[in-house]
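Please consult the sequence and the coordinates shown here.

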Amino acid sequence: MATIHDVIPPFQLFQPTTLDAAADLVREHGDEAWIMAGGMDSFDWLKDRTKRTEAVIDLSMVEELRGIREVEGGLEIGAMTTLTDVAEHPAVRDRFGVLAQAAALVASPQIRHQGTLGGNVSQDTRCAYYRRGWTCYRAGGNICYADTPTAINREHAILGASRCVAVSPSDTAPALVALDAQMVIRRGGQERVVEAEDYFVGPSRDIRHMTVLESGDLLTTIRIPATWAGARFYFEKVRDREVWDFPLVNVASAIRENGGRITEARVVVGAVAAHPLRLHDVEESLAGAMVNDETLVRAGELAIRGARPLRYNAYKVPLMRNLVKRAVRGGPTGTTA
Amino acid sequence: MGSTRLVGENYTTPDLLAKVTGRAKYAEDFRVDGMLFAKLLLSPFPHARVLSVDTTAAEAMPGVRGILRAGELPAPADTVTDLGETIRANPMGERALTDEPVYAGEPVLAVAAIDEETAAAAIEAIRIEWEPLPFVVDPLESLRPDGPNPREQGNSWGRAPSEAGGPPGELVVQSIKWASADWGEVDEGRLPEGDHQTDWSYGDLEAGFRDAALVLDETFSTPNNQHHCLETRTALAYWQNGKLFMHTGTQSAVQTVASISRWMNLDLADVVLITEYTGGGFGSKATGAVSCMIPAMLARKTNQAVMMRITREEEQMIGGLRPAVHGRIKAGFARDGRLLAVDMMTVGESAAYEAQGDAGTSGRIVSLVYQPAAMRMRSTTVLTNTPPRRAQSQPGGFQGIMLMEPVVWKAARELGIDQVAMRRLNAPVGKAQFGPPSGNGTLPHVTSSFLVECLDRGAELFDWPTRVARSGQRNGSTVRGAGVAVSSFVAGSVGFDGLFLITPEGRMIVKSGIGNLGNENVFDVHRVAAEMMGVPWDKVDIHWGDTANHLPWTCVSGGSQTTHAMTRAAHAAATDAIAKAKEIAARTLGGNAAAYRVADERVSDGARSMTLAQVAQQAIRLGGRFDGHELPENINRVTTTAATALAGQGLMGVARDTYPRDGTTFGFAAGFAEVEVDLETGRYKVLDFTAVGDSGTIIHPRNYGGQLLGRSVLGMGHALAQKTVYDQHYGLSLANRFYQNRPPTILDIPRNMQWDAVNLPDPETPVGAKGIGEPPVAAGAMAILNALSAALGDEIYRRAPVTLDTVLMALEHGRPMQEPLTAHI
């Protein structure tokens, strides 16, 4: 049968208006259901006819899933809150600025108005081979087309690859991991809470999925604990264009200091692996350290330990090293601010 | 000229309100009763043969109305030129559909159905048995001794042998391979030196290199790039009483009728084209797109109107590409910076269809812009299994400038000469000469060049000395650099027709055959005629974009011809009407025709006077040539048809441009840019940009500024990030979306760019005006890349675009690290 990458095929559309109804629908339809948040990832797949579904559950009418609430010094952000609302919310800006910055750098204004925080952290990878429908490991096949001698892999992984070399394209994901965020997942009438760091998974654990979400699961809320409120934050996204681009590498950090010494740190890098990469070794090396050249160099070198570049992405190694140094150093970002 | 001053003044074009309010209808916006929608089945292979097609299931689907196969298309017809010369159709050229696709994404068949959903589902229900064939997407791979060929017959166009003195032999595809020994330098990043298809030279090359104080040998690759027209090549077609009505975008309303009639084997009179608005062409819609045959054929087959909306992804494939050129330039400079010798060779990329001349044209422009005392140019164009190559803004000239500017930059730096002074020293002046030599060995020359004036004005506007002083200065992790680049391209053709009427009510009705692709000269050029006739602009009606509306023979709006060609035609038509008006006045009022003049809507000799409305009434009474019942012999047959239909409606101005011209018309531009590079990320930002153009007299300043800066931005895209991406092993594109091939966004360019024009008339055209669309493209691109060199030194990049990975890796390793010659990475 011939292939056409055009025109969204027909499907049943469900537009629940309550969370309970949405959860029931998700459970009822299981594997058949395509859960759609802002649609920025979904429409691409559906229009290309690369992935199909019989039923789309559109969450845009569920008011309970929208909005930002202050809870015990932290925040609860509904999964359907738009990226624009996250970026502009006073509490996010004042106390968790790293998330506001990350959200404000996603794609373009139009996409941020439509795209949601829940969608941004649950989106699929942008590996051009996989998105095109090539039957790679991630698509259930037995080859990675992006890791062959002729493959174009400028945007692919330098760390954590396991057969698949795709990367996480999210800007908000590293910021959420740096904030020790928690993801609230609903399954039927049950709720479970997963640490943001564990929400995102690499190919060695699940080569078909980017998150722990399983069929029947619904991400409802992102909780930001008070832990890092008002910390020294840094976010930087490096991309080819000033707008409407996925990250080549991004970095998020949260740092607590006391008398010039770092007491605790979170440093997370995106788009270098299939999931946002929290740099535990770097964080440990920073605990108790002064912010000086020696500390920065050590952090940068530790960050890239074990990096294995492909033919066209060796630049990501020095880029990641330099961004981690900047994230620790703090101050204004470079030209991509 | 008359007292009604229009030339050089800003005004609001008659289409503006419709465009900004959304009332303007582009091809896709039309709806016809019962119209069907067509969808294409595209080849999934870079090269394959269709062995069998089973459409049974598709045809059985409710709502499917027709399926069109390649074999149903009319055979390509020969072209007969105005001179009666027959140009044979190329049997191996591009067609609308094919059973042997030669690039992935090439249309194989089309389905018409009641809606797009049904058509798409029908495509999926079609079974095709394919025979995959050998392919290649990299021209240098194809040139290797055992390299694959994109077509069975070879990898390049040539001509079959012909009889001595006879017409040239027919076009054939043949195989060119370069011997193993030629490939030694490839690993060092140098373009190999094989045998080339074309080879021209002038001057004493050896002496030039012998006398040179500095000799450089540099290889550089320019990118393939889509045109990214915001309007894709959508077409709506229907038939009424044997006439084909076509709605589609094009770069020439009038000349597209000719191509449609040739593609469809129809009489010119049986094609009506409606094309009032076109969303960009940039060379890719020169005389329409051959794909418009598909809805036309399906409409005939189904007896219903058929709309074929082309998606962005399809446009990326069938819309075509600017051809990349891989170039190597050996250049010798005197101690004072004068360019003594250039030995240039290029390998141009092509699809497996008609090749563009960019690889060769690049040498012509280098010869003109940098005026080497001696030059040799060799070039070869290699076919590959990638999308059709089409002319794109400054075709060939862009690549030539891109190959040469880094060489000039490096030379000036090594010789310690200011970059503006270096370009000024080598700039063409006046009726400057350029290669290749003509048949008798002499070099052709331009009509005028004011490039030196562009550089001087630009340096002043940009405050060049201040910016140079801070080039290379580090601030935190950033460093700035200021760059300049010069550029040129052809800017005008001759020999087209003007046609207008002065009505008995005193209005001026101008017939414009120019395509309305956003550059406003569909209206601008006619202000010349209105000004000469002394008619205020609010009494001028422009008829454009519907070929049922009696439009005259007009140039294609490509290669920046229009302003030059059509102001000449407008001038000729106005001159004709003025002579007629004076004669009518003398006949009516008495006196000598020569004593009359036309101004302020009147014809008068000081004592006697009549209005143009009265002149028009008289013209109708007198008939003959006055009202178009007798027409000049030398106008094009298209104009004759149009003017014949208009005869008897008023005073007719109709004439062909036969003004003499000494030289070939070129426009010039200089671009200045300042960038800031972040040394820790490799990312750079364009802080500021200034462009100054030389294209003679400025007709419409606001439009001119828009062209100058808009086309500079087109060039900037080629410098910053825009590119095609192919996996060579599979021969398939990996960048089919805007976010993947990355044209520049509004945030990637400086907020406040400046422009100015030299505004000195070209002496070889009556209005003094030349085109400006093309030269800014390379000036925009290379001012930026030179600024990057000013910031970082000139051992950073060897191809464009220059993205942050290239910069960061070069900074890390102290030398360029990017593969310079691999195609589509």
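## Basis of the model

The model is predicted, with local features requiring pLDDT of at least 70 and side-chain atom pairs pLDDT 80 or more, while totals for chains, interfaces and linings use all residues. Residues are numbered from 1 along each chain as its sequence is written, and chains are lettered from A and ligands numbered from 1 in the order in which they are written.

## A sheet in chain A

In chain A, four strands form an open antiparallel sheet in the order 9-10-11-12. Strands (E, at least two residues) and helices (H or I, at least four) are DSSP runs numbered from the N terminus; two strands pair if DSSP finds at least two bridges between them. Strand 9 (232-238) and strand 12 (277-278) of chain A each have a single partner strand, so one side of each lacks a neighbour in the sheet.

Strand 9 and strand 10 (residues 249-258) of chain A are joined by seven bridges, and A:Y234 has A:S253 in strand 10 as its bridge partner.

## Contact between chains A and B

Chain A contributes 32 residues and chain B 43 residues to the contact, where two residues count if their C-beta atoms, placed from the backbone, lie within 7 Å. On the side of chain A that touches chain B, helix 13 of chain A gives the most, with four residues.

## Chain B overall

Chain B comprises 22 helices and 34 strands. The C-alpha trace of chain B spans about 85 × 70 × 60 Å along its principal axes.
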